[in-house]
Amino acid sequence: MVNILYECTMSFFASLCFGIIFQISGRKLLFSAFGGMLGWLIYALSGIPFSSSSIPCYFLAAIGITLYSECCARTLHAPVSIFLAVSLIPLVPGGGIYQTMLYCIQNSTMLALYTGIHTIGIAGTLALGIGIVSSIFTVFLRLPIPTPHALPSDRSDSDETTPN
């Protein structure tokens, strides 16, 4: 459990630094960095039931981050991409890309292929989670808001025209 807290703290600071690089300031910076920590927490905790594969963990984390980013964007009146891009930083499979290229250079074709497919799977899973949640938010935001029907008035039209 201490390891998960340490990883979440490091995810917060990694997201915070990328937010600074993206020139995000104020509350938006803190909220986007918190999104990175939240994403890593979801990823780490979902590893308990999905211990055989990390792909479902990335999918759940992407769903959580996108929900969080959509809510922050509505609350703080900012674009979703500000929160989403910074929050995804801890989950980006940069290590897998590096390992794939390293195996290619070392002529380890099977390891490069395995690592590359797994990395593409992670990236696709992140994109799928973002796409699903963003699409659902877009559909629900375009639905008309039902308004209550006007109640019939108790007064007649003749009462309005006669002065007292």
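Visitor: Is tyrosine 58 buried or exposed, and at what relative accessibility?

Guide: Buried: tyrosine 58 has a relative accessibility of 10%, where buried means under 20% relative accessible area, exposed over 50% and partly exposed in between, with a 1.4 Å probe and protein chains only. A quick word on provenance: this is a predicted model, with local features needing pLDDT of at least 70 and side-chain atom pairs pLDDT 80 or more, while totals for chains, interfaces and linings use all residues. Numbering runs from 1 along each chain as its sequence is written, and side-chain values use heavy atoms, leaving out hydrogens and water.

So who sits around this tyrosine? Skipping residues up to four places away in sequence, tyrosine 58 touches Tyr43, Leu91, Ile122, Thr125 and Leu126, a contact being heavy atoms within 4.5 Å. Glycine 39 is 19 residues away from tyrosine 58 in sequence, with 8.8 Å between their C-alpha atoms.

Tyrosine 58 belongs to helix 3 (helices are DSSP runs of H or I with at least four residues, strands are E runs of at least two, and both are numbered from the N terminus). Serine 69 is in helix 3 too, and it counts as buried because its relative accessibility is 0%. Beyond its neighbours within four places in sequence, serine 69 contacts Val80, Phe83, Leu84 and Ser87.

Now for the partner helix. The axes of helix 3 (residues 55-76) and helix 6 (residues 109-142) come within 8 Å and cross at roughly 35°; axes here are lines fitted to C-alpha atoms over the stretch in contact, with angles from 0 to 180 degrees between N-to-C directions. The crossing is right-handed, meaning the near helix is turned clockwise from the far one by less than a right angle, with anticlockwise being left-handed. By class, the contact of helix 3 with helix 6 has 15 nonpolar, six polar and two charged residues (nonpolar: Ala, Val, Leu, Ile, Met, Phe, Trp, Tyr, Cys and Pro; charged: Asp, Glu, Lys and Arg; polar: the others, Gly among them).

Helix 6 runs for 34 residues and reaches 48 Å from first C-alpha to last, close to the expected 50 Å, which is 1.5 Å times one less than the number of residues. Its buried residues include Ile122, Thr125 and Leu126, and those three are also among the contacts of tyrosine 58. Helix 3, helix 4 (80-88) and helix 5 (94-105) are among the elements covering the buried residues of helix 6.

Asparagine 107, in the loop between helix 5 and helix 6, has a positive phi of about 60° although it is not a glycine. Most residues other than glycine have a negative phi.

Zooming out, the protein chain has seven helices and zero strands. Its C-alpha trace spans about 95 × 30 × 30 Å along the principal axes, and buried residues make up 34% of the 164.
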